[in-house]
Amino acid sequence: MIKISDLQSKEVVNIADGRKLGQIHDLDLDLRAGVVRAIIVPGETKFFGWFAGGQEWIIPWKQIVKIGSDVILVRLDHRFQEIVSPYGQLPWSNQNESPH
């Protein structure tokens, strides 16, 4: 078992290019199915610690390769490199299917 607070303390790294994406600040949960659909990492644009433009990385759970003791490795290829969405709008939020 892993706690949300444990996930939030880990750095998220894309193994496709070695880029550090940041730390998890939210999760997309499917309460009916009881699963985590995605992790949400703040975008790189910050202004005095506040988010500018409301951008964030929405990373589907299936893109997680490994959860280690201090890092979460994800594989984001060219299809996912530009997944930045306004807060509250997941890429699949207007569809009936999840990203799985």
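In what follows, a residue is buried under 20% relative accessible area, exposed over 50%, and partly exposed in between, with a 1.4 Å probe and protein chains only. By that scale Ile-67 is partly exposed, because its relative accessibility is 30%.

This is a predicted model, in which local features need pLDDT of at least 70 and side-chain atom pairs count only at pLDDT 80 or more, while totals for chains, interfaces and linings use all residues. Residues are numbered from 1 along each chain as its sequence is written, and side-chain values use heavy atoms, with hydrogens and water left out.

The chain contains one helix and nine strands, where helices (H or I, at least four residues) and strands (E, at least two) are DSSP runs numbered from the N terminus. Read from the N terminus, the order of elements is α-β-β-β-β-β-β-β-β-β. Of the 100 residues, 34% count as buried. A contact is a pair of heavy atoms within 4.5 Å. Among contacts with a separation of 6 or more, 45% join residues 24 or more positions apart. The accessible surface comes to about 6,700 Å², and carbon and sulfur atoms hold 51% of it; accessible areas come from the Shrake-Rupley method with a 1.4 Å probe, and for residues only the protein chains shown count as cover.

Strands E1 (residues 11–14) and E2 (residues 20–23) run antiparallel and are joined by three bridges; two strands pair if DSSP finds at least two bridges between them. Glu-11 stands opposite Gln-23 in E2. Five residues lie between the strands of this hairpin, and Gly-18 has a positive phi near 75° there. Within E2 sits Gly-22, which is buried because its relative accessible area is 18%. Its C-alpha atom is 5.4 Å from that of Val-12, 10 residues apart along the chain. Leaving aside residues up to four places away in sequence, Gly-22 touches Lys-10, Glu-11, Val-12 and Val-41.

Asn-14 belongs to E1 and is buried, because its relative accessible area is 1%. The side chain of Asn-14 reaches the backbone nitrogen of Ala-16 at 3.0 Å. Asp-17 and Arg-19 meet through their side chains in a salt bridge (4.0 Å, N to O). A salt bridge here is a side-chain nitrogen of Lys or Arg within 4 Å of a carboxyl oxygen of Asp or Glu. Both partners are partly exposed, because the relative accessible area is 45% for Asp-17 and 28% for Arg-19.

The count of salt bridges is two. Arg-37 forms one with Asp-28, and the closest N and O atoms are 2.7 Å apart. Both Arg-37 and Asp-28 are buried.

Further along, Trp-57 lies in strand E7 (residues 56–60). Trp-57 is buried, because its relative accessible area is 4%. The C-alpha atoms of Trp-57 and Gly-43, 14 residues apart along the chain, are separated by 6.0 Å.

Ile-67, with which this account began, is in strand E8 (residues 64–67). Together with Ile-2 and Trp-61, Ile-67 makes a nonpolar surface patch of about 230 Å². Patches are made of residues with over 30% relative accessible area and no salt bridge, with like charges joined within 9 Å and nonpolar side chains (Val, Leu, Ile, Met, Phe, Trp, Tyr) within 5 Å.

Notes:
Polar contact = N/O pair within 3.5 Å; in protein donor to acceptor, adjacent residues only side chain to side chain.
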